[in-house]
Amino acid sequence: MYDEARLLKIEGLQINEVADGYVVYEKTKDRVHFLNPVAALIFELCDGSHTVAEMRSILISGYDLSKFPDNEFQVALETMLAEGLIEGCKVQ
Amino acid sequence: MQSTVIRTLSHEFAIACPDPIASAAMAFVRAAPDMPERVLAAARISLARLGAFYSMRTANGALFEGSLSHIVHRLHRFLFETILHEAAGAPILHAATVVVEGARIILVAQKAVGKSTLTARLLAEGFVIEGDEHVVVFGRSVIARPRTMRIKQGTIGLIPALREIILASPTIRDWDGRLIYSVQPALPGRRWRIEQGNVKAIVTLEQNHGGHSIMTRLDQNEALRLAISMSFLPETGKAMAAARLRALIQGASCYRLALGDLDNAVWHLKQAAYN
């Protein structure tokens, strides 16, 4: 995922907050996803207003990270894209 | 005219049976546990002879006609649909609910894993059995669906302590002609009782027939995945229903039980209750 990309939650998802993250239902594939707190935060940042680079910066400062787990971050985004939870979007 | 009572989460259905043959068939479906915290609305299901067949009209006006086995089949479906409606968006897990030393444990399993056999053995061991088939999940709190235990003919030999109780219970025959017993989950002198309450442990059963029973801890994410795969989620509000399953799992200890010999299975479940 390139740094300038912007992502947006897919419309029509059923999203429910639980004590340790989000439970999201995606109708097309009839699949339920559990997002842990970090994945839920990444998902929330997919609002079209943040680039991938900005999301990374927010996570680094939010969690006070000295070493950012970029591989896991990329996997999270790609998984959410593949599962139809988010999609690429133009600058808003 | 004999009457059969069937309770759901919010209803008490009374079926007036027109003859002894119908009474015997309806006895299989009878489910009248004590449900002290529930307010049950009384409703009637009418059953009448129709030549060689029977006619059943449910409280919502649906009409079914056919042989008694067809009527029993349709009644099962009607009762399950009633429970789905009463659950109002709550997921329904395919699971038994047992209580030991005040700790509620739910046993989640696919069909043919041995859940009913294990539940029958637990009854013989003095566990309180609330239900053997479905659990309605409201979050950390659950309630068992009122339904008797269904014991297959071949299971009787595995639970010798319950032999007399099982043999005295109402029966139907499956498609292969084998008897299935409808056994009230309470030992003689005790009453079948269902209460809504929190769950101490969720145990997912896996088949290990012929081997030892081994229980291991289960990661919460894996427990959620398995629970979703063994649940009825409502067509609308699936995320909310799955969130309730997540809440249930968060509030309980989760285990995987490879179900082999029943002695070890009972021992493991007691440990889960005491820990």
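Reader: Let's start with Leu269(B): leaving aside neighbours within four places in sequence, which residues is it in contact with?
Author: This is a predicted model. In it, Leu269(B) is in contact with Ile105(B), Leu107(B), Leu118(B), Leu122(B), Phe127(B), Val203(B) and Met215(B), once neighbours within four places in sequence are set aside.

Reader: OK, and which residues touch the most other members of the largest nonpolar core?
Author: Leu269(B) is one of them, along with Ile105(B), Leu107(B), Leu118(B), Leu122(B), Val203(B) and Leu205(B). That core has 36 residues.

Reader: Which elements give two or more residues to this core?
Author: Among them are strands E6 (92-100), E7 (103-108) and E15 (201-207), plus helices H3 (115-124) and H7 (262-274), in chain B. H7(B) gives the largest share, six residues.

Reader: What about the second, separate core?
Author: That core has 34 residues, including Ala31(B), Ile143(B), Ala186(B) and Ile194(B).

Reader: Switching topic: in what order do the strands of the open sheet run?
Author: The order is E11-E13-E12 in chain B, three strands with antiparallel pairing. The twist averages 30 degrees from one strand to the next.

Reader: Why is one side of E11 left without a neighbour in the sheet?
Author: E11(B) stands at an edge with a single partner strand, so one of its sides has no neighbour in the sheet.

Reader: How many bridges do E11(B) and E13(B) pair over?
Author: Four, in the antiparallel sense.

Reader: And which residue does Met149(B) stand opposite?
Author: Met149(B) faces Val183(B), which is in E13(B).

Terms used:
Residues numbered from 1 in each chain as written. Chains lettered and ligands numbered in written order. Predicted model: local features only at pLDDT ≥ 70, side-chain atom pairs only at ≥ 80, totals over all residues. Heavy atoms only, no water. Core = buried A, V, L, I, M, F, W, Y, C linked by side-chain atoms within 4.5 Å. Buried < 20%, exposed > 50% of the residue type's maximum accessible area, 1.4 Å probe, protein only. Contact = heavy atoms within 4.5 Å. Pairing = 2+ DSSP bridges. Axes fitted to C-alpha atoms, helices over the stretch in contact; angles between N-to-C directions.
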